[in-house]
Amino acid sequence: MMYPEYRPRRLRRTEALRAMVRETELTPSHLVYPLFIVPGKDVKRPIDAMPGCFQLSVDKALEEAKEVFGLGIPAIMLFGLPEHKDPKGSEAWAQHGVVQKATAALKRDVHGLLVITDVCMCEYTSHGHCGIVSRGDVENDATLESLAKIALSHARAGADMVAPSDMMDGRVEAIREALDENDFSHIPIMSYAVKYASAFYGPFRDAAESTPQFGDRKSYQMDPPNQREALREATLDLEEGADIIMVKPAMSYLDIIHLLRQEFTLPIAAYQVSGEYSMIKAAAMNGWIDESRVVEESLTGIRRAGADVIITYFAKDYAKKYKAG
Ligand code: PBG
């Protein structure tokens, strides 16, 4: 097909024509909205580096989740900031920890909402690393036991899905075993299978107060230049029992999402992380870009690359736009 017989512009002439041949669909049903839960009551504390996002106490999280679900967003993802941090992160698996309390309340009060919990230790450890530290590094195998305990405590509180984000080797298997042995074989695992050591997590570490007190996360999170390694990580998690594999961050890693889409049949999730959110917000607040169009375009790009599910702080904004038509 060659010009002038073929003219691509013919199918772009009206919105109805464009909609008819549109290849990628973006609806709120693909989105997950993250929430940061803090102890206390009546707390709704703005997060400086993430305008429009808040640290919420359980009562406020309930209000927020009702709005989110009412907008057609099926799921929220919970992060917790504990009362006290210690080197072992022991509040992470406390029966009445923040995430456990929030999960139980949300499942009780917001009928039909999916509650996904982030399984990690960095918000709970005094050193801010994602596991047990010894001799200056995170000890892999000792950490697995804690991660399994955390996931199990979330399932007991009523979580619909657990999402390990720590990047320890073997953690999906450890969590799957713990869930299966305790009658939670029906609870899926969304593993942060391909999680890079990214500077785009900066604003999140303020939000979750989880900046490492020494060193960085490069000995467990992936090296950004690596693509083949993403296939190995995803294969491992799949074989260990992951139900959904996640790529994180999203916008600088669209090639990775695309690659996994071609290699695997499992659902793929992508996390549009805090830094990606803050950049768009900051430019929009300066009047440099049209926020709502950029948000739609960025989320559509992530879907087009091959993501089934997108975890994004823009979920509410996009769902409102979608609803308004
Ligand atoms: C915890 C975790 C992080 C994010 C999700 N889970 C931070 C990190 O690894 O430092 C980042 C999310 C975001 O930036 O929005 N391990």
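Colleague: Which residues come nearest to the ligand?

Modeller: Keep in mind that this is a predicted model. There are 18 residues around the ligand, and K195, R205, K248, S274 and Y313 come nearest.

Colleague: How do I read the polar contacts there? What lies 2.6 Å from an oxygen atom of the ligand?

Modeller: The general idea is to look for pairs of N or O atoms within 3.5 Å. Here, that 2.6 Å pair involves a polar side-chain atom of Y313. S274 also has a polar side-chain atom by a ligand oxygen, at 2.7 Å. For K248, a side-chain N or O atom is 3.3 Å from a nitrogen atom of the ligand.

Colleague: How much of the ligand's accessible area does the protein cover?

Modeller: On its own the ligand has 400 Å² of accessible area, and the protein covers 100% of that. As for where to find it, look in the largest cavity: that's where the ligand sits.

Colleague: K248 came up already. Which residue does a cis peptide bond join to K248?

Modeller: First the general idea: most peptide bonds are trans. In this structure, K248 and P249 are joined by a cis bond, with omega about -10°. P249 itself is in the loop between β10 (244-248) and α8 (254-263). Another cis bond links Y3 to P4, where omega is about 10°. You'll find P4 in the segment before α1 (15-20).

Colleague: And phi? What is the phi of D183?

Modeller: D183 isn't a glycine, yet its phi is positive, about 70°. Look for D183 in the loop between α5 (171-181) and β9 (190-195). E209 is another non-glycine with a positive phi, about 50°, and E209 is in the loop between α6 (202-207) and α7 (228-240).

Colleague: Why does D183 count as exposed?

Modeller: The cut-off for exposed is over 50% relative accessible area. D183 has 66%, so it is exposed. E209 has 45%, so it counts as partly exposed.

Colleague: Is A75 buried or exposed?

Modeller: Buried means under 20%, and A75 has a relative accessible area of 3%, so A75 is buried. A75 lies in strand β4 (residues 75-80).

Colleague: How far is A75 from L236?

Modeller: Along the chain they're 161 residues apart, and their C-alpha atoms are separated by 26 Å.

Notes:
Residues numbered from 1 in each chain as written. Predicted model: local features only at pLDDT ≥ 70, side-chain atom pairs only at ≥ 80, totals over all residues. Heavy atoms only, no water. Near = heavy atom within 4 Å. Polar contact = N/O pair within 3.5 Å; in protein donor to acceptor, adjacent residues only side chain to side chain. Areas by Shrake-Rupley, 256 points an atom, 1.4 Å probe, with all protein chains shown as cover. 1 Å grid on protein atoms, 1.4 Å probe; cavity = no way out; pocket = protein on both sides within 12 Å on 5 of 7 lines; lining within 4 Å. Sits in = over half its atoms within 2 Å of the grid points. Helix = DSSP H or I, 4+ residues; strand = E, 2+ residues; numbered from the N terminus. Buried < 20%, exposed > 50% of the residue type's maximum accessible area, 1.4 Å probe, protein only.
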